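Please consider the model shown below.

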Amino acid sequence: MRLDDACPQMNHENWHRMEELLDKYQVKPLVGVIPDNHDPEFTWPEDERFWERARSWQDKGWTIAQHGCRHLYLPEAKRRYFQKSHSLHTEWAGVDGEVQKEMMREGYNLLREHGLFPTGFFAPAHTFDGNTVTACKRIPELKFISDGYGLMPYRKAGMTFLPSICDGPFLMKVPGIFTFVAHPSVMSVESFARWEKFLQQAHNDVISIPKAMKKIKKQQGLLGHSLEYGIYAARGMRNWLKKIDLM
């Protein structure tokens with residue numbers, strides 16, 4: 001389970017509610033912390049004690065990931081993605097490789113200055129390119145990227161990927177290890193109810209990142225590539241059908 005967009009300007013009431021829910025079912029999620037948030041969409045009052053709170057998550061076994069650098073999208077859409085994506089927003093894809101290395105190091109150092117020890121990375125909007133992967137590999141402490149399409153963690157381009165198929169949550173009918181993503185700041189009452197119902201039924205099947213990392217067995221391979229394209233196509237069809245429904 002992954003929580004996105006932790007930062008001083010997040011919706012603190014919703015995050016507190018999510019934390020209570022996860023503690024109730026003893027779930028230890030991956031939480032993506034924005035090192036230096038500049039996203040204008042985060043308009044909640046700034047919490048001066050946020051970093052203390054983030055350290056408390058770390059102390060109780062939540063896994064910290066570096067979520068981008070500033071969460072600020074480029075003015076022009078880039079499409080040279082490492083992973084297939086339908087998103088037109090990106091902070092990373094298309095940025096010069098040396099600049100990306102600087103961004104990765106800057107974000108990582110900022111988190112370390114606040115007493116956090118990120119062990120993975122994921123980009124805003126699920127969009128990044130090969131230079132992002134290279135920049136991530138330059139920091140040995142970043143062991144994985146939380147992204148990719150698949151039913152099991154896999155290796156690709158010298159990096160470990162923990163698949164993130166969809167926001168969820170769903171009771172999956174196929175075996176595997178994949179990530180369900182939640183954005184607590186914008187979750188509705190109905191969304192919390194869905195998560196509560198899911199955790200009531202499946203909390204024993206929700207594993208931590210350290211346990212997931214032990215399940216990596218092989219490279220993505222031809223079958224993995226085919227599955228990636230298949231899931232990408234299915235998501236595209238779903239988005240197209242949603243647009244038709246809104247017309």
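Q: How do you know that strands β5 and β7 are paired in this predicted model?
A: Strand β5 (residues 144–145) is joined to β7 by 2 bridges, and the two run parallel. Pairing requires at least two bridges between strands, so β5 and β7 count as paired. Within β7, phenylalanine 161 is the bridge partner of isoleucine 145.

Q: What makes β6 and β8 edge strands of the sheet?
A: The open sheet has 8 strands in the order β6-β7-β5-β4-β3-β2-β1-β8, with mixed pairing. β6 (154–156) and β8 each have a single partner strand, so one side of each lacks a neighbour in the sheet.

Q: Which strands does helix α1 lie across?
A: Helix α1 (residues 12–24) lies across β1 (2–6), β2 (30–33) and β8, and runs at about 155° to β1.

Q: Why is serine 146 called buried?
A: Its relative accessibility is 0%. Serine 146 is placed in the loop between β5 and β6. Leaving aside neighbours within four places in sequence, serine 146 contacts Arg2, Leu30, Phe121, Phe122 and Leu162.

Q: Why is methionine 172 called partly exposed?
A: Its relative accessible area is 34%. Methionine 172 is in the loop between β7 (159–161) and β8 (181–182). Together with Phe170 and Val174, Met172 forms a nonpolar surface patch with about 250 Å² of accessible area.

Key. Residues numbered from 1 in each chain as written. Predicted model: local features only at pLDDT ≥ 70, side-chain atom pairs only at ≥ 80, totals over all residues. Heavy atoms only, no water. Patch = residues over 30% accessible without salt bridge, like charges linked within 9 Å, V, L, I, M, F, W, Y side chains within 5 Å. Areas by Shrake-Rupley, 256 points an atom, 1.4 Å probe, with all protein chains shown as cover. Salt bridge = Lys/Arg side-chain N within 4 Å of Asp/Glu carboxyl O. Helix = DSSP H or I, 4+ residues; strand = E, 2+ residues; numbered from the N terminus. Buried < 20%, exposed > 50% of the residue type's maximum accessible area, 1.4 Å probe, protein only. Contact = heavy atoms within 4.5 Å. Axes fitted to C-alpha atoms, helices over the stretch in contact; angles between N-to-C directions.
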